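Have the sequence and the 3D view open as you read.

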Amino acid sequence: MNYRHSYLIRLQYLGFRVHGWQKQPNLKTIHLFVDKTVKFIYKGIRFKTIGVGRTDAKVSSTDFAFQLFLDDTLDLNDFIELFNLNSPADVKAVSIEKVENANFNIIQHPKEKEYRYYFSHGVKNHPYSAPFLVGYLSNLDIEKMQLAAKLFEGEHDFTHYCKRPNEATKVIRTINSCEIIENNELTASFFPKVSYVLVVKGSGFMRNQIRLIMGALERVGSGVYDLEFIRKSLEVGNTIEMDKVVAPASGLHLHKINFENDLRKG
């Protein structure tokens with residue numbers, strides 16, 4: 001089904017109360033909210049929306065993107081105002097641009113994604129922190145976790161860092177950068193005095209990959225794994241036995257998507 005016009009829309013959302021982006025029967029999802037909002041403000045107009053990827057339940061995003069296809073030309077300023085007026089309070093349209101390249105595909109187009117996982121350790125946090133960061137109750141060795149995080153950079157076999165990979169899963173992948181730094185960006189009066197963020201950048205990630213990496217790093221901080229264990233777990237074809245600890249979803253945020261090239265060009 002062909003549409004005459006295409007737009008790229010940047011979106012922010014808090015994922016704590018929803019089951020991710022993708023539509024699912026009888027569940028609240030961001031995709032469902034987006035389509036309901038567009039259908040309401042453009043009654044009777046045929047349209048289709050495609051997200052840049054999936055996010056898990058409770059995962060948030062400060063820079064999600066979706067592609068809107070429809071037959072009518074949009075007033076870009078009106079769209080942002082109308083969408084934000086009618087969308088739920090935890091979903092906000094930030095920007096919109098017309099895509100002139102008829103061959104642009106939001107899923108297949110080359111891009112770099114930056115994910116951030118926010119966490120603290122040592123004490124139980126204020127309950128209001130729960131939608132934004134994970135509070136590990138035990139004391140963690142942050143310096144050792146920082147060293148371990150750097151081991152994930154580059155091309156590795158991420159078989160142990162994918163939930164239920166199959167024969168078709170591309171497990172040899174490249175992470176452009178991976179580091180743990182002190183969190184000074186996402187703040188609130190009810191946050192712990194000190195918190196941290198795992199920052200991971202790459203062109204594409206497998207199911208639960210970031211959360212499995214964070215789970216392994218927490219094991220390093222707890223003294224269960226050492227640096228050599230993490231190094232071996234990333235070797236091609238390794239047969240090391242490893243528990244797949246999936247870190248809680250609420251600490252994960254899709255922070256930024258950078259598309260390669262100018263999307264407006266044909």
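This is a predicted model: local features need pLDDT of at least 70, side-chain atom pairs count only at pLDDT 80 or more; totals for chains, interfaces and linings use all residues.

Side chains of opposite charge can pair when their charged atoms come close. Counting a pair when a side-chain nitrogen of Lys or Arg is within 4 Å of a carboxyl oxygen of Asp or Glu gives 12 salt bridges here.

Start with Lys23 and Asp35, whose closest N and O atoms are 2.5 Å apart. Lys23 is partly exposed, at 40% relative accessible area, whereas Asp35 is buried, at 13%.

Next, find Arg46, which forms a salt bridge with Asp71 at 2.8 Å between the closest N and O atoms. Here both partners are in loops: Arg46 in the one between H1 and strand S2 (47-51), Asp71 in the one between strand S3 (60-70) and helix H2 (76-86), so the linked parts are 25 residues apart in sequence. Arg46 is partly exposed, with a relative accessible area of 34%, and Asp71 is buried, with 19%.

Finally, turn to Glu114 and Lys201, a salt bridge with its closest N and O atoms 3.9 Å apart. Because Glu114 lies in strand S5 (residues 111-121) and Lys201 in strand S9 (residues 196-202), the pair ties together parts that are 87 residues apart in sequence. Glu114 is buried at 10% relative accessible area, and Lys201 is partly exposed at 26%. Through shared partners, salt bridges join Glu114, Arg116, Glu185 and Lys201 into one network.

Technical notes:
Residues are numbered from 1 along each chain as its sequence is written. Side-chain values use heavy atoms; hydrogens and water are left out. Buried means under 20% relative accessible area, exposed over 50%, partly exposed in between (1.4 Å probe, protein chains only). Helices (H or I, at least four residues) and strands (E, at least two) are DSSP runs, numbered from the N terminus.
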